[in-house]
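Reader: I'm new to this one. Can you walk me through it?

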Amino acid sequence: MRVGLILGEALSGLRRNASMVISVVLVTFVSLTFVGAAILMQMQIGTMKDYWVDRAQVSVYMCSAISTAETCTGGAATEEQIAEVQAKLDSPAIATLIRGTSFETQDEAYQNALDLFPADYASLLTPEQFNSSFSVNLVDQTQSDVLIEAFQGQAGVEQVKDELEYLEPLFSALTVATYIAVGIAALMLIAAVLLIATTIRLSAFARRREIGIMRLVGASNRFIQTPFVLEGVFAALIGSILASGAILAGVHFGVNGYLRGRITFVSTWVGMPEAWVVVPIIVVIGVLLAALSAGFAIRRWLRA
């Protein structure tokens, strides 16, 4: 009977302040959608980094006939210079860092370029313009500096490149986008907290006569406060459910239905399992913030 009375009071308060409750629901919905999107973006960055770090290579480019590096004064790399690089890769000091290597000749590099360039440009290309190269997969890609130091400046080696250098700008851009989403979400959550507190104070003011009667008959502060706290929790819960639906729909239709089939260079996308992990997080955040905000607002109003 006591529980029923409390729930009835809470639902009555929601009906009386319908417009404010809708505002709370919408603000909570938008803010928690940004929170969920930020979490998913961070997950996406993590999976992409794990994928590319595992597959990124360090490329050792040998001199070609048109190379201008100081180590290429003798023209194209000779067979002896290529053999020296291979011997160093096989040496005990470096071999323990390497998972695997492959070698691409100038002719192979030329044929690969023909497959990429239009036919109009293919006639301008010759095998001598391309570098033969070693592609090295490391056990730990963070140790690429060791390989770069080992071959940089060696005769016959034009340059040593770590493929992760090309991906760092992408990861940095995604991280900045995550920070922006987190910042917007934080501002929206602050707005939601303030709006919930205002709604609860207005609801308490509208029922000030009822609250006075309950105090006269000896109702405890907790009994008086609970319906107001539930009002905020119910409104935030509805917003959280809407945000969860938006997150699930975004992943299902946006990621699985659109991005996964059109952006092929990214083979590891977040999916529904990750989205279902985010859902309880944003629901808990929404309900917890609403309960704390509503509880603080009604306690302060009752003291006044």
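This is a predicted model: local features need pLDDT of at least 70, side-chain atom pairs count only at pLDDT 80 or more; totals for chains, interfaces and linings use all residues.

Reader: What share of the residues counts as buried?

Author: Of the chain's 304 residues, 38% are buried. Buried means a relative accessible area under 20%.

Reader: What about contacts between residues 24 or more positions apart?

Author: Take the contacts with a separation of 6 or more. Residues 24 or more positions apart make up 82% of them.

Reader: Let's do strands. Is β1 enclosed or open?

Author: Strand β1 covers residues 57-62, and five of its six residues are buried, so it is largely enclosed by the rest of the structure.

Reader: Which strands does β1 pair with?

Author: Two strands, β3 and β4. β3 spans residues 133-138, and the pairing is antiparallel over five bridges. β4 spans residues 157-162, and it too runs antiparallel to β1, joined by five bridges.

Reader: Which residues face each other there?

Author: Val60 has Phe134 of β3 as its bridge partner. Val58 stands opposite Asp162 in β4.

Reader: Stay on β3. How many of its residues are buried?

Author: Six of six, so to speak: β3 is mostly covered. Ser133, Ser135 and Asn137 point one way. Phe134, Val136 and Leu138 point the other way. All of these are buried.

Reader: How does β3 pair with β2?

Author: In the antiparallel sense, over six bridges.

Reader: New topic. How many aromatic pairs does a search of the whole structure find?

Author: Two. In one of them, Phe103 and Phe134 have ring centres 4.6 Å apart and planes at 50°, so the pair is tilted.

Reader: Why tilted, at 50°?

Author: Planes under 30 degrees apart count as stacked and those over 60 as edge-to-face, so the 50° of this pair falls in the tilted class.

Reader: Where do Phe103 and Phe134 lie?

Author: Phe103 is in strand β2, residues 98-104, and Phe134 is in strand β3. The pair therefore ties together parts that are 31 residues apart in sequence.

Reader: Are those two buried or partly exposed?

Author: Phe134 is buried, with a relative accessible area of 2%. Phe103 is partly exposed, at 33%.

Reader: Now the surface again. Which residues form the nonpolar patch?

Author: Val30, Phe34, Val176, Ile180 and Ile184. Together they have about 370 Å² of accessible area. Helices α2 (18-55) and α8 (164-206) each give two or more residues. α8 supplies the largest share, three residues.

Reader: Where is Phe34, and is it buried or partly exposed?

Author: Phe34 sits in helix α2. It is partly exposed, with a relative accessible area of 30%.

Reader: What about Gln44?

Author: Gln44 is in helix α2 as well. This residue is buried, at 8% relative accessible area.

Reader: How far is Gln44 from Gly271?

Author: Their C-alpha atoms are separated by 9.5 Å. Along the chain, Gln44 and Gly271 are 227 residues apart.

Conventions:
Residues are numbered from 1 along each chain as its sequence is written. Side-chain values use heavy atoms; hydrogens and water are left out. Patches are made of residues with over 30% relative accessible area and no salt bridge: like charges are joined within 9 Å, nonpolar side chains (Val, Leu, Ile, Met, Phe, Trp, Tyr) within 5 Å. Accessible areas come from the Shrake-Rupley method with a 1.4 Å probe; for residues, only the protein chains shown count as cover. A salt bridge is a side-chain nitrogen of Lys or Arg within 4 Å of a carboxyl oxygen of Asp or Glu. Helices (H or I, at least four residues) and strands (E, at least two) are DSSP runs, numbered from the N terminus. Buried means under 20% relative accessible area, exposed over 50%, partly exposed in between (1.4 Å probe, protein chains only). Two strands pair if DSSP finds at least two bridges between them. Contact means heavy atoms within 4.5 Å. Rings of Phe, Tyr and Trp (its six-membered ring) pair if their centres lie within 6.5 Å; planes under 30 degrees apart count as stacked, over 60 as edge-to-face and the rest as tilted.
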